[in-house]
Amino acid sequence: MGHNLLQGKKGIIFGALDEKSIAWRTALKCHEAGAQLVLTNAPVALRMGEINELAQAVNAPVIGADVTNMDDLKNLFESSVAHFGGKIDFILHSIGMSINVRKGKSYTELDYGFNQKTLDISAMSLHRVLRTAWDLDALNEWGSVVALSYIAAQRVFPHYSEMADAKALLESVTRSFGYHYGIKKKVRVNTISQSPTRTTAGSGVKGFDGFINYAEKMSPLGNASSDDCANYCVSLFSDLTRMVTMQNLFHDGGFSFMGVTQEVLNDMEK
Ligand SMILES: NC(=O)c1ccc[n+]([C@@H]2O[C@H](COP(=O)([O-])OP(=O)(O)OC[C@H]3O[C@@H](n4cnc5c(N)ncnc54)[C@H](O)[C@@H]3O)[C@@H](O)[C@H]2O)c1
């Protein structure tokens, strides 16, 4: 799509692990739309090495940062501003990790130590990112920050477990910091609440096959793909959406406003 919506803009993309990652797809679309990029992920993810392939495709440096480490984040922002020779216009926060889910602990038997880490990596990390940018004054006016959420923040999906609480916190940080950054610099902060998507993080949730199929049947447009999500991110990073901030934006083919569909009813009547 040669629309050049992001021509002249500079952005940091967090969370491209492999080619299925929403962040990976978004980096490709941002590059296609004319943006200059810096890619970042946790050092342990960088060791897998796949990100170098993406870095070549979008002509971007890779700067490692554990998103729970303020020194790493400071280095990331300082190095990015130096690389770009100027401030940053957009950030994609595409990070999620549930330690309890990983360790097979259900919601009613959470380990609270793991839970702290989950909330820090998956939610407070957005605060850490925004705070670092704020302290360094690293964002341009009318900058745009997008984080990825899931409807389990509002409705119960039992196996999504502590990640539901993490997403509720993420959406709250989006509103709260969105207020302060809006006042200070007209920076906008939003979450996209994405359909279930087959990625490493997504497929790690128990019962994933069941609920991706259920969501498909419950959405008049079907599930939104990671490429659809990437396109939506480009629009939110562009100047066409300058007055949108502090929102949780459903990007789910209509799933969030459905009660039931004929397709699901047919299954129930079998
Ligand atoms: N896949 C889905 O069904 C779905 C649906 C809605 C929202 N989301 C959200 O989309 C985002 C991206 O996930 P994805 O589905 O592309 O999966 P993914 O596994 O490709 O991406 C998750 C990323 O988080 C990174 N990460 C984990 N711990 C980190 C740390 N300490 N520091 C820095 N980075 C760290 C991982 O390295 C990985 O790149 C997540 O917030 C996820 O919750 C996913």
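Ala-16 touches Ser-21, Ala-23, Trp-24, Ala-27, Leu-39, Asn-41, Ile-51 and Leu-54, leaving aside residues up to four places away in sequence; contact means C-beta atoms, placed from the backbone, within 7 Å. This is a predicted model: local features need pLDDT of at least 70, side-chain atom pairs count only at pLDDT 80 or more, and totals for chains, interfaces and linings use all residues. Residues are numbered from 1 along each chain as its sequence is written.

Ala-16 also belongs to the largest nonpolar core, which has 67 residues. Such a core is a set of buried Ala, Val, Leu, Ile, Met, Phe, Trp, Tyr and Cys residues joined through C-beta atoms within 7 Å. Buried means 20 or more other C-beta atoms within 10 Å of a residue's own. Helix H7 (residues 162–185) provides the largest share of this core, seven residues.

Next comes the sheet. Six strands form an open sheet in the order E2-E1-E3-E4-E5-E6, with parallel pairing. Strands pair if DSSP finds at least two bridges between them. Helices (H or I, at least four residues) and strands (E, at least two) are DSSP runs, numbered from the N terminus. Strand E2 (36–40) and strand E6 (248–251) are the edges. Four bridges join strand E5 (residues 188–194) to E6. Thr-191 stands opposite Asn-248 in E6.

Now the ligand. Of the 26 residues around it, Ser-21, Gly-96, Thr-199, Ala-201 and Gly-202 come nearest; a residue is near if its C-beta atom, placed from the backbone, lies within 6 Å. Helix H8 gives the most to this shell, three residues.

Methods: Buried ≥ 20, exposed ≤ 12 C-beta atoms within 10 Å, placed from the backbone. Contact = placed C-beta atoms within 7 Å.
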